[in-house]
Amino acid sequence: MGRVRALPPRLRALAAGAVLLTVGALAVLGATLAGGADEAPSTAALADHPGAQLLQNPLPNPEATGFHGAVLAEPIPRPDFALTDTDGRRFDFAEETAGEPTLLYVGYTSCPDICPAHLAQIAGAMAEAGLDTDELRVVFVTADPARDDAERLERYLAAFDDGFTGLTGSPEEVDAALAALGQPAAEVFGERPDGSYEVTHPSQVLAFGPDDRARLVFPFGTSREGWVADLPRLVAGEVPS
Amino acid sequence: MTRVSPWLVALALLVAAVGCADDDAAEAAPPEVTGAETPEPAAPDVAAVYATIGDPGPDGDTLVGASTDVAERVELHESVIDDDGSARMVELEDGIDVAAGEGVVLERGGLHVMLMGLETELAEGDRYELTLEFERGGEVTVDVDVVPTVGGDDGGGGHDGQDEAHGDDDG
């Protein structure tokens, strides 16, 4: 890896993340990053934003990686977006969480199944692993700012752990936050006569290490043991290789 | 003097027997429902119900609806994760198939009953009644336990098989 260490930080991170790829794929990645390459990347994993990898719904491969979350081919840098926390304070995500292990999840409080199950799994796993939110930040961004105001968000998250951070904002700000993650805007669907509706959102939880990169994402359905095994290693700054 | 043909008698008996058989089918027992639970809802207005619906018998059945006094509206839902990793919920207007010889599991991240417009605050330790309506088996009312928001393994079906993920470890 000495050769890689000599590269600029972004290249270094990208190359490190590519260890799991074949030598051929690494060559393509290198050529793409060199900027002069005219040939189109062969996979969407090499699309403009590394967050685009989430759209391929990467799956864990614990036998190969040693982690129960899915290891990304290319780390996702901590995204730069600003929203409002449940105390009404401006919260610049990249700045506020810099250097701190952080789980980031986008969902909405009117979602009765996947969102609370994910958050309960995180809260339960942290308790089991003996981690609190001073050691591992948990940030929940609402995909439904029209209904999720600060008060609703605060009460919702407190049911899991009152140390979880909830962020909301204008619909434009939320879309911008998703775009900073390389994700499409949330879509409203299933409107009912009473005015209620559902919202699409990414199903994965992103895990940023102390080096401000997400190399792991946790798909829905990750077991409690998987979370309990991975989270202390994330907090310790361990990098999948 | 009236003579009744034995053939007519036989036909009448046959019709009666078939009629009885039809009645019996319409009154088939609903499948057994076990482990019905609602995690204490984090949101004030929506909640999910999970349960295991047992073998409905050789003809199968369909869960077509549900109702309860604790919510304004009840829908049958499935959470779906698309190929692009995005999550969404689908209302199952045709109901939930309860496979012959198997039954079906309603669990986190998959099939569930969604309660909307909660009219009663549901707290851990509470128990409420939910009536499930089956196409063939008719209605059955079950007790639903409100369990902790953060329980045992909340990872849903994933690769954990058919067993209901019942809180087996609360740390």
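1. Two residues are taken to be in contact if their C-beta atoms, placed from the backbone, lie within 7 Å. On that basis, among the contacts in chain A with a separation of 6 or more, 66% are between residues 24 or more positions apart. The structure is a predicted model. Chain A comprises nine helices and eleven strands, and 49% of its 241 residues are buried.

2. Chain A has an average pLDDT of 85, with 80% of the residues scoring at least 70. For chain B the mean pLDDT is 83, and 74% of the residues reach 70 or more. Within chain B, residues 18-25 have a pLDDT below 50, and this stretch makes zero contacts in the model beyond near neighbours in sequence. For the complex, the predictor reports an ipTM of 0.77 and a pTM of 0.79.

3. Two further segments call for separate mention. Residues 1-46 of chain A stay under 50 in pLDDT, yet the model has 45 contacts for them beyond four places in sequence. In chain B, pLDDT likewise stays under 50 over residues 157-171, a segment with 31 contacts beyond four places in sequence.

4. Strands β5(A) and β6(A) run parallel and are joined by three bridges; A:F140 has A:G166 in β6(A) as its bridge partner. By contrast, β2(A) and β6(A) pair in the antiparallel sense over two bridges, with A:D85 opposite A:L167 in β6(A). Strand β4 (residues 102-107) of chain A is antiparallel to strand β10 (residues 205-208) of chain A, and three bridges join them.

5. Helix α9 (residues 224-235) of chain A has twelve residues, and its first and last C-alpha atoms are 17 Å apart, close to the 16 Å expected at 1.5 Å a residue. Its buried residues are A:R224, A:G226, A:W227, A:D230, A:L231, A:R233 and A:L234. The elements covering these buried residues include α6 (114-129), β10 and β11 (213-218) of chain A. After α9(A) comes A:G237, which has a positive phi, near 80°.

6. A:T65 belongs to helix α4 (residues 62-65) of chain A. Is A:T65 buried, partly exposed or exposed? A:T65 counts as partly exposed because it has 16 C-beta neighbours inside 10 Å, whereas 20 or more would be needed for a buried residue and 12 or fewer for an exposed one. Apart from neighbours within four places in sequence, A:T65 is in contact with A:V71 and A:P240. A:T65 and A:G237 are 172 residues apart along the chain, and their C-alpha atoms are separated by 16 Å.

7. The contact between the chains takes 33 residues from chain B and 33 residues from chain A. On the side of chain B that touches chain A, the elements giving two or more residues are β2 (46-53), β4 (71-81), β5 (86-91) and β8 (111-118) of chain B. Of these, β5(B) gives the most, with five residues. The residues on this side of chain B divide into twelve nonpolar, 13 polar and eight charged.

8. Strand pairing also crosses between the chains. Strand β9 (residues 201-202) of chain A and β5(B) run antiparallel and are joined by two bridges. Within this pairing, A:P202 is opposite B:S86 in β5(B).

How values were computed
Residues numbered from 1 in each chain as written. Chains lettered and ligands numbered in written order. Predicted model: local features only at pLDDT ≥ 70, side-chain atom pairs only at ≥ 80, totals over all residues. pLDDT = per-residue confidence, 0-100. Helix = DSSP H or I, 4+ residues; strand = E, 2+ residues; numbered from the N terminus. Nonpolar A, V, L, I, M, F, W, Y, C, P; charged D, E, K, R; others polar. Pairing = 2+ DSSP bridges. Expected span 1.5 Å × (residues − 1).
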